[in-house]
Amino acid sequence: MDWSTKWEKFVSTMEGEYFQQLLLDGLLNTDKVAVMGLIIGIIIGTLIAVVKVAPKYKLIMRILDKICTVYVALFRGTPMTVQLLLAYYVLLPSLGVRNVDSLTVGIVVFGMNSGAYVSEIMRGGINSVDKGQMEAGRAVGLSYNVTMLRIVIPQAIKNILPTLGNEFITLIKETSVLSFITVYDLYTALSAIGSKNYEKMVPYLVMAVIYIILVLLITLLVRLLETALAKSDKSAPKRKKA
Amino acid sequence: MQENCILKIEHLNKKFADHEVLKDVNLTVNKGDVVAIIGPSGCGKSTFLRCLNCMEDPTGGTILFRGENLADFKVDINKHRRHIGMVFQQFNLFNNMTVLQNITLAPILVGCADLRAKKRKTLLTKIGNVFRKEKKAVDAPTVTKADIKTAAKEKAMELLKKIGLEDKADAYPSTLSGGQKQRIAIVRALAMEPDVLLFDEPTSALDPEMVGEVLNLMTELANEGMTMVVVTHEMGFAKEVANRVIFIDEGVIKEENTPQEFFHAPQNERLKEFLSKVL
Ligand SMILES: Nc1ncnc2c1ncn2[C@@H]1O[C@H](COP(=O)(O)OP(=O)(O)OP(=O)(O)O)[C@@H](O)[C@H]1O
Ligand SMILES: [Mg+2]
């Protein structure tokens, strides 16, 4: 069988509305999990990082610090697939929770996993901000928390934007394990399309191309964001050459 | 405490672990004083200055400001720091904000926090009035958040005009020269209408040609009656602008005098030696 017939088979399958919908759903779910996962990850990661860098005078902070350490170790020490399986097939059933949408489980697990990685990135970002920034905020009478939120974290996020972009790319690619917990993702969709007439070579190639396009789009998005945020450290507007 | 006493430091002590940097330092800063602090590197000048607004927590002694002891952990230090401006060697403008935002951030946040507190209070009074026979007067705040913002901006623009940098209001700090940054840092401190300004070597990180503009602004403030405590290596400023000069060495004040006496008739041996090196 040559490539052109393989391609024709794929195209003819894709003419069916059912399969178009399947692919669209797969694409949408993949994006949903990656985007929501990243957002949750940034929130969790920032909270952990803030606990990690905060002064540890108070007992409560030391306890929180330990909890965060354990959390990060757990999520970084096991593969995403294992975390998905444990959450969906072990944790939820043993808690007696039923009828939870597998997509929701996917989003939450991706978010929690990403939070562990983002916390390390964010901690580096916070530490990269000059100590003088915190001092200046405190000196005008702002509290530690307000200074952190208004001055230090915005600068930290700007510094780590490229690394966060990488995290987003990792998440997009890792969505390919979502099918382990029955989420309709890109893999499920294209696999089903291939099963229609036992020809999976083209669908899998298409899957690769879609992933590459998604990754390129994210790369572009991060670039645009960086340029937008760089306004605060551009030197005076460039003069046109005389 | 006397009417015109701004800061009263008594038996101030500061240790870093086992290293005693400040030993029983006493100083009174009165309204309108310009106190210059000089001394050899590492003698504890910065540490002393940073203890005054508890950027470093003193390990002993008292710092009386507005009738409260700042060295006491129980005081709300953030509330007091609003009235103590601080200017750093490295300027420390907020890099993620424009010049205008740098200046208005604290006044707006503080103003809005006060407004919220006041609103809470009037609400409580109103709720209380429902059960009271004799209604209490409700003292509702007349300003809004927008008013606070406008006022802060107007004030900031006025201050920027004073230093001739109003056209930089929307610029980011990274686009400014060192001298401009430091003058804006001073303006940022002034925007809170502080009772006293603390300077830690404000001109040490500047290119020589920019030292003048910052010293001029400081001189102007001194002439307007601003109370200032200035750690400096600029002997000219100490001589001509300060009304008191202090020599710190080995963690203690070795000499405190008028600039005239301090520079022309120093008593302390270490000070004589120090002056012979720097003058
Ligand atoms: N956070 C800190 N932890 C430990 N030791 C410190 C700390 N800050 C300052 N010191 C020590 O305290 C002493 C005084 O430092 P300080 O910065 O107050 O000196 P200085 O008079 O301002 O010197 P310079 O003229 O170089 O600025 C130094 O020996 C310094 O090493
Ligand atoms: Mg110093």
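**Cavities and backbone angles**

Analyst: Helix 1 of chain A gives the largest share of the lining of the second largest cavity, three residues. Helices (H or I, at least four residues) and strands (E, at least two) are DSSP runs numbered from the N terminus. This is a predicted model, in which local features need pLDDT of at least 70, side-chain atom pairs count only at pLDDT 80 or more, and totals for chains, interfaces and linings use all residues. Residues are numbered from 1 along each chain as its sequence is written, chains are lettered from A and ligands numbered from 1 in the order in which they are written, and side-chain values use heavy atoms, with hydrogens and water left out.

User: What is the mean pLDDT of chain B?

Analyst: pLDDT is the predictor's confidence in each residue, from 0 to 100. Where it is low, the predicted coordinates should not be read in detail. For chain B the mean is 93, with 99% of residues at 70 or more. The complex has an ipTM of 0.91 and a pTM of 0.87 from the predictor.

User: How many cavities of 30 Å³ or more are there?

Analyst: Rolling a probe the size of a water molecule over the atoms shows where empty space is left. On a 1 Å grid over the protein atoms alone, a cavity is a set of points where a 1.4 Å probe fits but cannot get out, and lining residues have an atom within 4 Å of a point. Points are joined across faces, edges and corners, and a volume is the space filled by probe spheres set on them. The count here is two.

User: Which residues line the largest cavity?

Analyst: Its lining includes Ala139(A) and Val140(A), as well as Arg81(B), Ile84(B) and Met192(B). The volume is about 70 Å³. In chain B, strand 6 (84-87) and helix 5 (178-190) each supply at least two lining residues.

User: What lines the second largest cavity?

Analyst: Among the lining residues are Lys9(A), Phe10(A), Asn197(A) and Pro203(A). Helix 1 (3-15) and helix 8 (186-196) of chain A each give two or more. The volume is about 30 Å³.

User: Where is Tyr198(A) placed, and what is its phi?

Analyst: Most residues other than glycine have a negative phi. Tyr198(A) has a positive phi, near 55 degrees, and sits in the loop between helix 8 and helix 9 (201-229) of chain A.

User: Is Glu193(B) buried or exposed?

Analyst: Buried means under 20% relative accessible area, exposed over 50%, and partly exposed in between (1.4 Å probe, protein chains only). Glu193(B) is exposed at 53%, and its phi is about 50 degrees.

Notes:
On a 1 Å grid over the protein atoms alone, a cavity is a set of points where a 1.4 Å probe fits but cannot get out, and a pocket is an open set with protein on both sides within 12 Å along at least five of seven lines; lining residues have an atom within 4 Å of a point.
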